[in-house]
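Reader: I have some questions about the terms used for this model. Please set each value against its definition.

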Amino acid sequence: MDHENLATLDPFSTAYETNDTTEIMEDYMPVDSGICDKSWVREFRATYEPPLYWIIFAVGAIGNLLVVWIYTTVRNHLKTMTDVYLLNLAIADLLFLGTLPFWAVDAAQGWMFSVAVCKGVHAVYKINFFTSMLLLTCISIDRYIAIVCVTQAHNFKNKRIFYSKLACLFVWLLSCLLSLPEFLFATVKTNQQEESFCGLVYPSGDKNLTKILVLSLQISVGFCLPLLVMISCYSVIIYTLLQARNFEKHKALRVIFAVVAAFVLSQMPYNGHLIVEATQAFNVTMTKCDDVKTFDVAGQVVKSLAYTHCCLNPILYAFIGVRFRKDLLHLCQCLTSGLGGINKVQSIPKRPSVMSDTDTIPALSL
């Protein structure tokens, strides 16, 4: 690679095109008219990410598997829109969690799998990322309908089940469409130490427009849209609850604040990092080596923080329900009683949904 090409390289890009070949460099990048040694960033990732990803995988898998198990075993019939959304949310979180072991191995030992697996893992991760965020949006809208528009919700109860399934189908299809860039641009990269890693390599001839577009879609659909809907719906719900004469409304308000706070605290730092990354792709202003390395490390930290939301979803959206907790306790009692308890689980009488239309306040209470 000659000095003329070296001076024009984007310090945030991992693919550098020289003549007819593409050279992949990750540990050494041009900053401040010199070479920025970023090998310690890779070492930090190898130390930090694997144990954290395995913890998120274990905790999230337990919580979401319990949600799926209860909905398919204890309640083998989905009776409300929220039932449908919660089951799909748990499935999306489980599929998302299934990609974390691959990222843990990639961080610790490099990519040991094929390019096809790299593309598949990237695509599955992004499909379930968008699905989870959009389902949280649907749940917010459903809570608005059930609490604020009680009469209309009751009149269209049967149709709402159909609409919820249709909404879930639309969410999954839209998420698949939004994940196409991951499948197209994911590839196995090799650094100067001959280490392979799975990552995205965008076209180098469009002045980073593809990368900017992909990041903009992720920020807008994966954060801004859900946050806007949450704030709008829950603001009206809070106003409605404050007008109600119910001694349990303060518990419902606590849950609403917990739901919004968990989403903002886990997702906002990561999306703020993505905004800066998109800005740098458009116009590079961060040129100091130390700043770039700090930015990379911060990105790894806020990304792992965003991943913890899949562990919080079962607690925030399922386990807070009184009836759901009772079903979970009953299921545990059946399991501890031996194999005979499995048959008892099948005969548990069906109860109303964890967040049914007729049980709004208890469903929202801690």
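Reader: Leaving aside neighbours within four places in sequence, which residues is Thr-210 in contact with?

Author: Thr-210 is in contact with Phe-185, Tyr-202 and Pro-203. Contact means heavy atoms within 4.5 Å. This is a predicted model, in which local features need pLDDT of at least 70 and side-chain atom pairs count only at pLDDT 80 or more, while totals for chains, interfaces and linings use all residues. Residues are numbered from 1 along each chain as its sequence is written, and side-chain values use heavy atoms, with hydrogens and water left out.

Reader: Why are α5 and α9 called roughly parallel?

Author: Two packed helices are described by the angle between their axes and the distance between the axes. Helix α5 (residues 115–148) and helix α9 (residues 209–243) cross at roughly 15°, and their axes come within 9 Å. Axes are lines fitted to C-alpha atoms over the stretch in contact, and angles run from 0 to 180 degrees between N-to-C directions. Angles under 35 degrees count as roughly parallel, over 145 as roughly antiparallel, 65 to 115 as roughly perpendicular and the rest as oblique. Therefore α5 and α9 are roughly parallel to each other.

Reader: What is the hand of the crossing of α5 and α9, and how does their contact divide by class?

Author: The crossing of α5 and α9 is left-handed. That term applies if the near helix is turned anticlockwise from the far one by less than a right angle; clockwise is right-handed. The contact of α5 with α9 has 21 nonpolar, 5 polar and 2 charged residues. Ala, Val, Leu, Ile, Met, Phe, Trp, Tyr, Cys and Pro count as nonpolar, Asp, Glu, Lys and Arg as charged, and the others, Gly among them, as polar.

Reader: What makes α3 and α5 roughly antiparallel?

Author: Their angle is about 160°, with the axes 9 Å apart. α3 and α5 are therefore roughly antiparallel to each other. α3 passes α5 in a left-handed crossing. Among the residues that meet are Tyr-85, Leu-89 and Phe-96 in α3 and Ser-132, Leu-135 and Ile-139 in α5. By class, the contact of α3 with α5 has 13 nonpolar, 5 polar and 3 charged residues.

Reader: Why does α2 with α4 get the term roughly antiparallel?

Author: Helix α2 (residues 39–74) and helix α4 (residues 100–109) pack at about 165°, their axes 8 Å apart. So α2 and α4 are roughly antiparallel to each other. The crossing of α2 and α4 is left-handed. The contact includes Glu-49, Tyr-53 and Trp-54 of α2 and Trp-103 and Asp-106 of α4. Its residues divide into 12 nonpolar, no polar and 3 charged.

Reader: Which residues does Lys-303 touch, not counting those up to four places away in sequence?

Author: Lys-303 touches Glu-49, Tyr-53 and Tyr-270. Lys-303 is placed in helix α11 (residues 289–307).

Reader: How many cavities of 30 Å³ or more does the structure hold, and which residues lie nearest the centre of the largest cavity?

Author: The structure holds 6 such cavities. A cavity is a set of points, on a 1 Å grid over the protein atoms alone, where a 1.4 Å probe fits but cannot get out; lining residues have an atom within 4 Å of a point. The largest cavity has about 130 Å³ of space. Volume is the space filled by probe spheres set on the points, with grid points joined across faces, edges and corners. Of its 14 lining residues, Phe-96, Phe-129, Ser-132, Met-133 and Ala-306 lie nearest the centre. α5 gives the most to this lining, with 5 residues.

Methods
Helices (H or I, at least four residues) and strands (E, at least two) are DSSP runs, numbered from the N terminus. On a 1 Å grid over the protein atoms alone, a cavity is a set of points where a 1.4 Å probe fits but cannot get out, and a pocket is an open set with protein on both sides within 12 Å along at least five of seven lines; lining residues have an atom within 4 Å of a point.
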